[in-house]
Each structure stands twice: as C-alpha cells, then as structure tokens.
Amino acid sequence: MPEIPDLTQYIMTGTRYLLPLLALWVLLRCVRSMLRERYEPETWAYLVDLNGERHPVYHWECIVGRAGSADVVLQAQSVSRMHASLQRDGGGYWTVSDLRSKGGTYVNGKPAGLLTPVRDGDVLDFAGAELVFQAVTRDEREWLERRRTAPGRFVGPGVTLLILTLFQAFLTLEFTVTAEERHLVPVCLGFLALIVLEWFCFLVMKSVRRTGFEPETVAFFLSTLGMSVAASSTPDDMFRQVVFLALGVALFFILGWWLRDLRRVKAVRWLAALAAMGLLAITVVLGDVRGGSGSWLDFGSFTVQPSELVKVLYIYTGAATLDRLFARRNLFVFIVFSAVCVCALALMGDFGTALVFFAAFLVIAFMRSGSFATVFLAVGGAAMAGFLVLSVKPYVAERFMTWGHAWEDVWDSGYQQTHAMSAAASGGLFGRGAGAGSLVDITAADTDMVFAVLSEELGLIIAVLAMFAVIALALFAVRNAARGRSTFYVIAGCAAVSLMMVQMGLNIFGSLDILPFTGVTFPFVSKGGTSLISCWMLLAFVKATDTRRDASFVVSRDPKTPDEGYEEEEEDEGADEAPGEEDGK
C-alpha cells in the first residue's frame, strides 16, 4: 500500500502559501478604500469677492494670502503671502486674525487683531481686497454632506474583515500543529478573543452609522501578527496579551470620543503636558534599568513603560498648543516642553525613544510654521540634537560601534543582530510556519527584533506587508491632511503616523544592522502591553483625520452653528436638492 502523507504536513504546506495571499488581499482592499476612493472636502463657509466669485473655505483654520500654499489664495499684489487666518471653533463661531501683514486686515472697516469675531455677511478687507463672509447654514451643510461620497461603496469593510478573520483562522490552524499540547488551549482562545473583539468593534461602528473601518482593520491585522509573536515566544502570556489588546481598543474609543469636542481638548492641554512630565519624572527617579535603559516601572508581575504613554500625551499637547503658530508664546512653550521630555529620556538612557520624540517634535512644529517659527525651530532642533549626542551613554556608544560590524563579533556585541539576520534569511518568502521558528529564544526577539521573527516564521512576504501596513496608515493621514477639518486633527494624525514610521524604521533597520540598534518597538507587532496600548491610542489621532462622509466616529457628523445652539436636531430626510433652489437662488 502507498504511504499516506502526514496530515500535519498538508496543513503546514497549505497555510504557508495561503497566509501571504490572504494578508495581501486584506491590505490591498484597505489601501484601495483609504487611498483610491473618491474623497470630497467639507465646505464650511465662502468668501465672496466683488465679482461674485465664491472662494470655498474647507477647513476650520484657513490661511488667507497670496502664496500658492495658502488655503484661500488671493491674487492681489497688496495681499501678503500669509496675510490672515480664518478660524472656526467647535461651537461654530468664526474669528479672523491678522498675521502681521503689511496692508492689514479689517472687519467691516475696523482693524482686526487676534481672534476678531466674524459673522455671516461681514465684509473682510485684506489690504484692499474685499470679500464678504458667508457661513454655511445647517440646511446647506446637510445638502452638501449628502452629495459627498461615503466610504465602503466599492470596498465593503465587512468583506475585508471576513478575509482577515480567515487569515487569523488559518494562522491558528498552524499553531495547532506547532504548539505544545499544554499551550494549545490558551493560544486558540487568544486568537478567538481577537476575532470576537474586532467583530464587536465593527458592529459598534455599524450601530453608530460609521462606514469607514479601514484603519482599524489595518491595526487588527498588525495586532494579529503581534499575537502570533506572543504565541511563539511566550504562549503562557496569551491571556495577558489579549487583556492589553482589549484595553488598547477601549482607550482608542475613549480617546476618540474625547477628541470630538475641540474646545474640551484644548482646555486640558496643559494638564496633559503636566501629566507627561510627571510620568517622566517618576520614571527618572524610580525606573528599573533593563537593557541599559531605566524606562521601566515594576508593579508586581506587571511592568509598565511610561514613555509609551507619554508619546500620546506629547502629541496631544503639541497639536493642541501649535494649532495656531502665529501666537509666539505657543511655540516657545512647546520647544521648552519638548526639551524637557527629551532630556528626561536621555537621563533614563532611552536613546531610541528620545529619537522618536525628536522626530515627532519636528513633524508637529513644522506642520504650520511660518518664517518666524522656522528660525526658532532650527535653533531648538539643533539644541536637542546636540544634547542627544552629548548624553550618549556607554552602552549606546557600543551599539554605534557595532553598527555595520555585527559579523565581526557574533558571540558578543553582534550576537542578537547576526542571529536575527540569519533567522530572517532562513524563513524565505513563505516562512517556516507559525511557532516553528528558533529566534524567539534570543533575548528581546519578540520586541526589538520582531521583524526577523516574522520573516522566519511567516515569511518575508508577510513581514514586508506588515511594514507596508504602517506605511498605508501614514499615506492615509497625509492624504487627509489636505482636506482635514481642523489643524489639531491634521497635526496630531500626521505626528502619530510619523512616530509609528520612525519606530518601524528604527526597529527593522536596527535589527538588520542597516542602522544602529536602538531597541524601539514595531508598532502593534512587538510584544508589550504599554506599547500596544499606546499604538491603539495613537490610532485615534489617525482616525480623527478621516473626514469622509460618515467615516470616523471621532469627527462629529453634525457640528453646531452659533444660531442653532447646542441641542441636537433630527436629520432631515427630505429631497436631495440644494437649499434655495426652489426660490431660484
């Protein structure tokens, strides 16, 4: 009789080739929906010139000027390049601020200073260029909103999530072959809990009539890879990993709800800054040293890295403080706050996180900087960069000495990186199978060298797709920046994805000896509770940039206008025609 092949061999062979296809399918569907579907901006007001031409106002903070980069471009030579700023608050009240223009800004003939109130019908004079301000009424906004395209028309989020569920199911199937018998139940229950959690979140979004679920799907895809790493390295901690994931998702919703009210957000920005500095101060004094960095706090069997949570507070404070960079004091305060954070991280010896904070500082500060700001940003950036160089500790210097020479000392300074590169190469395109890798036995393999673990077990294709998943979130936030509702949302979202990109780059290139090894985590994928929670909270900032029709729960569907007060009104289900059309307007 012919020999019957082992069933486990069929399972491992089939899933090894099927998993990359499913992962690619999930990512392509998310990218198509996020980056390729039609996307119309929101219209909040109009500036009407003497010829009757209407200049739409697409943002809550708009720069009016002659420069091509201005939000509302005026061609008159008397208008300064960055002449004035037109702003709307969360309550629907508009103000205009002169940006030290040569010709001045006037409202109904009176000089405008900082945050001068503007009402419907007011005449705004920008150095002789007169325009009438027309606020969009509630009826007009509802009509305009109905004409915008909602996400999910061509790429259904439910189908994408179903494909991701299949990916998770086949990944679990691989672990049923490779996992030890005593670990089989916790691993399977961990992936089952992940599937239940993501479908629960999807149904919650559906219940509040939100159709954009692509950023969450990308995050759940990356979290699935993180769950796989945890199941391979520390299967006994699967329950803890699920708890941290659930906590991160819960805080994602809580922070998203909080961000809906910008007046509330800005009111507590200084409290957030104090909380960040307090966490850093406690860590400097009481932090436990691990791997040369004293950035850990021990609470019994749990360890916390406060700097991960400070990332969220830092972006929150920076975006809320620098939404109006024409206020000089805001820039000075943010530079000082950034310097304090980076100095505290340097004292801890957390060089990698200090680099991440420095990158976030540059992104946040340059988002809305003018000529005056550029000078001080350069000075502040140079000062912090110099401090980083001076504060390098011996273990950091050793890592820089090892950079590019890992193979010269494979049993000492280059031990981790040489093993990571060897393991990554051994996985090939399709990997050796989930749980079948050997790199997980190396110290910090499931955190600092997680890219190599993915390459060895799941293959280079899935490891590269994990990298492109983070890039997709970054491109999504950048695309939304041009159409963002508020500067706070744009700055916070772009800073969040920039932080993720820097972390990912340092993690991948450091483990492969392309860059100095800094020991930072791969967003969503590296094992670690505080890091996972931080990434999900950062995702709330990315979600806030999404102003597609009914896409983001962070963005209020029906923001108020001053003449309507703050009481909710039921949505008009009338005919889809422009207000005033029946009057011939």
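Residues 24 or more positions apart supply 69% of the contacts in the protein chain that have a separation of 6 or more, a contact being heavy atoms within 4.5 Å. This is a predicted model, in which local features need pLDDT of at least 70 and side-chain atom pairs count only at pLDDT 80 or more, while totals for chains, interfaces and linings use all residues. Residues are numbered from 1 along each chain as its sequence is written, and side-chain values use heavy atoms, with hydrogens and water left out.

**Overall make-up**

- The protein chain contains 18 helices and 14 strands; helices (H or I, at least four residues) and strands (E, at least two) are DSSP runs, numbered from the N terminus.
- Of its 585 residues, 54% count as buried, where buried means under 20% relative accessible area, exposed over 50%, and partly exposed in between (1.4 Å probe, protein chains only).

**Nonpolar core**

- In soluble globular proteins, nonpolar side chains tend to be buried together.
- The largest nonpolar core here has 147 residues, of which Phe167, Leu259, Trp536 and Phe541 touch the most other members.
- Such a core is a set of buried Ala, Val, Leu, Ile, Met, Phe, Trp, Tyr and Cys residues joined through side-chain atoms within 4.5 Å.
- Leaving aside neighbours within four places in sequence, Phe541 is in contact with Leu255, Leu259, Val312, Ile315, Tyr316, Tyr489, Ala492, Gly493 and Ala496.

- Ile282, Val284, Val285, Leu286 and Leu347 form a nonpolar patch on the surface, and together they have about 500 Å² of accessible area.
- Patches are made of residues with over 30% relative accessible area and no salt bridge, with like charges joined within 9 Å and nonpolar side chains (Val, Leu, Ile, Met, Phe, Trp, Tyr) within 5 Å.
- Helix 8 (residues 269–286) gives the largest share of the nonpolar patch, 4 residues.
- Val285 is in helix 8, and it counts as exposed because its relative accessibility is 66%.
- Leu271 also lies in helix 8 and counts as exposed, at 60% relative accessibility.
- Leu271 and Leu313 are 42 residues apart along the chain, and their C-alpha atoms are separated by 9.5 Å.

**Salt bridges**

- Side chains of opposite charge can pair when their charged atoms come close.
- The count comes to 9 salt bridges, each defined as a side-chain nitrogen of Lys or Arg within 4 Å of a carboxyl oxygen of Asp or Glu.
- Arg548 and Glu214 meet through their side chains in a salt bridge (3.0 Å, N to O).
- Arg548 lies in the segment after helix 18 and Glu214 in helix 5 (residues 214–233), so this pair ties together parts that are 334 residues apart in sequence.
- Arg548 has a relative accessible area of 4% and is therefore buried; Glu214, with 6%, is buried as well.
- Asp546 forms a salt bridge with Arg548, with the closest N and O atoms 2.8 Å apart, and Asp546 is buried, as is Arg548.
- Glu180 forms a salt bridge with Arg182, the closest N and O atoms being 3.2 Å apart; Glu180 is partly exposed at 45% relative accessible area, whereas Arg182 is exposed at 58%.

**Loop residues**

- His59 is in the loop between strand 2 (54–57) and strand 3 (61–65) and counts as buried, at 10% relative accessibility.
- His59 and Ser486 are 427 residues apart in sequence, but 6.0 Å apart in space, C-alpha to C-alpha.
- Apart from neighbours within four places in sequence, His59 is in contact with Trp44, Asp71, Trp94, Ala482, Arg483, Gly484 and Arg485.
- Ala127 has a positive phi, near 55°, in a residue other than glycine; Ala127 is found in the loop between strand 10 (123–126) and strand 11 (129–135) and is buried, with a relative accessible area of 14%.
- Phe524 has a positive phi near 75°; Phe524 is in the loop between helix 17 (487–511) and helix 18 (529–544) and is buried, at 2% relative accessibility.

**Cysteines**

- A search of the whole structure finds 0 disulfides, a disulfide being a pair of cysteine sulfur atoms within 2.5 Å.
- Cys188 counts as partly exposed, at 25% relative accessibility, whereas Cys341 is buried, at 0% relative accessible area.

Definitions and conventions
Areas by Shrake-Rupley, 256 points an atom, 1.4 Å probe, with all protein chains shown as cover.
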